Amino acid sequence: MNKKSPFIYILLVLFVSTGCATIKPRPGLVIPEDMPESAKIENVRVALVLGGGGSRGIAHVGVIEVLQENSIPIDLIVGSSAGSAVGAIYADNKDVTKTKNILFNANRDELFDFSFIELTRIFNNPTTPVVGQAYENFIFDSLSARKFSELKIPLAIVTVDSQTGEKFVITSGPIAPAVRASSAIPPIIAPVKLYHKTLFDGGVLEPVPVATARQYNPKLIIAVDISNLPEKN
């Protein structure tokens, strides 16, 4: 067996398990050329800040559950990476049980769309094995709202502009592409072209986006950091 065999097997497994079919955006999703003007977010008493942490993002639900059980109001959610997804789903339904069911019942095929074609292009051009359209579609299907203005709780999603390296906060327009952009992690998950920018994981600059929450002058910030692994799994 030559040294290249394991890598070839990996490519074959990806090819067989995912194929080369292109996953298309959901019908009815309209992305404007420019980010629409957002409603003013003011009189924020409690801002909930949800940081990134990949699959550990499910832990955010536990925090929201405790807040809801103790009747602590949430006037604004600020999320980056995994926190943007959990924040968007809860801001949409304002029901922690429903949020939990959506996230706990998600499966790999709904979240990741490996592309054999894109993977083989790594040798010629910078690209990524995961496109991200499946993840966007999962968020789209999980929400009743389509735009930020339709959410029950105001939401701010943190991304990074790849051209400038600066933070870009999304508070208006379609929700699903914004969540996808905040969760895009090159060179694994492709960045997202949105509003004349190429955007990726907001956790690169703000793993826990407290600084963004402060811009809205909340009386209290509750920040959730899930970036560190617990001592025991």
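## Aromatic rings

Let's start with the rings: the structure holds zero aromatic pairs. The count covers rings of Phe, Tyr and Trp (its six-membered ring), which pair if their centres lie within 6.5 Å; planes under 30 degrees apart would count as stacked, over 60 as edge-to-face and the rest as tilted.

A charge over a ring does turn up, though: arginine 146 lies over the face of phenylalanine 140, at 3.8 Å from the ring centre. For this, NZ of Lys or CZ of Arg must be within 6 Å of the ring centre and within 35 degrees of the ring normal.

## About the model

This is a predicted model, in which local features need pLDDT of at least 70 and side-chain atom pairs count only at pLDDT 80 or more, while totals for chains, interfaces and linings use all residues. Residues are numbered from 1 along each chain as its sequence is written, and side-chain values use heavy atoms, with hydrogens and water left out.

Helices (H or I, at least four residues) and strands (E, at least two) are DSSP runs, numbered from the N terminus. Strand S6 covers residues 197-201, and four of its five residues are buried; buried means under 20% relative accessible area, exposed over 50%, and partly exposed in between (1.4 Å probe, protein chains only).

Two strands pair if DSSP finds at least two bridges between them. S6 pairs with strand S3 (residues 155-161) in the antiparallel sense over three bridges, and leucine 199 is the bridge partner of aspartate 161. S5 and S6 also pair in the antiparallel sense, over three bridges; here lysine 193 has threonine 198 as its bridge partner. S5 and S6 form a hairpin with two residues between them, and tyrosine 195 in that turn has a positive phi of about 55 degrees.

## Alanine 184

Alanine 184 sits in the loop between helix H8 (175-182) and strand S5 (192-194). With a relative accessible area of 0%, alanine 184 is buried. Contact means heavy atoms within 4.5 Å. Leaving aside neighbours within four places in sequence, alanine 184 is in contact with Ile189, Ala190, Pro191, Leu199, Phe200 and Asp201. One of these, leucine 199, is 15 residues away in sequence and 7.8 Å away in space, C-alpha to C-alpha.

Serine 172 belongs to the loop between strand S4 (167-170) and H8, and counts as buried because its relative accessibility is 4%. Its side chain reaches the backbone oxygen of proline 36 at 2.4 Å. Beyond neighbours within four places in sequence, serine 172 is in contact with Met35, Pro36, Glu37, Ser38, Phe148 and Tyr195.

Aspartate 75 is in the loop between helix H2 (59-69) and strand S2 (76-80), and at 16% relative accessibility aspartate 75 counts as buried too. The side chains of aspartate 75 and arginine 45 make a polar contact at 2.9 Å. Such a contact is a pair of N or O atoms within 3.5 Å; within protein, one must be able to donate a hydrogen and the other to accept it, and residues adjacent in sequence count only if both atoms are side-chain atoms. Setting aside neighbours within four places in sequence, aspartate 75 is in contact with Val44, Arg45, Val46, Ile153 and Pro154.

## Asparagine 137

Asparagine 137 lies in helix H7 (residues 133-142) and is buried, with a relative accessible area of 3%. Apart from neighbours within four places in sequence, asparagine 137 is in contact with Ile23, Lys24, Pro25 and Arg26. Isoleucine 23 is 114 residues from asparagine 137 along the chain, yet their C-alpha atoms are separated by 8.9 Å.
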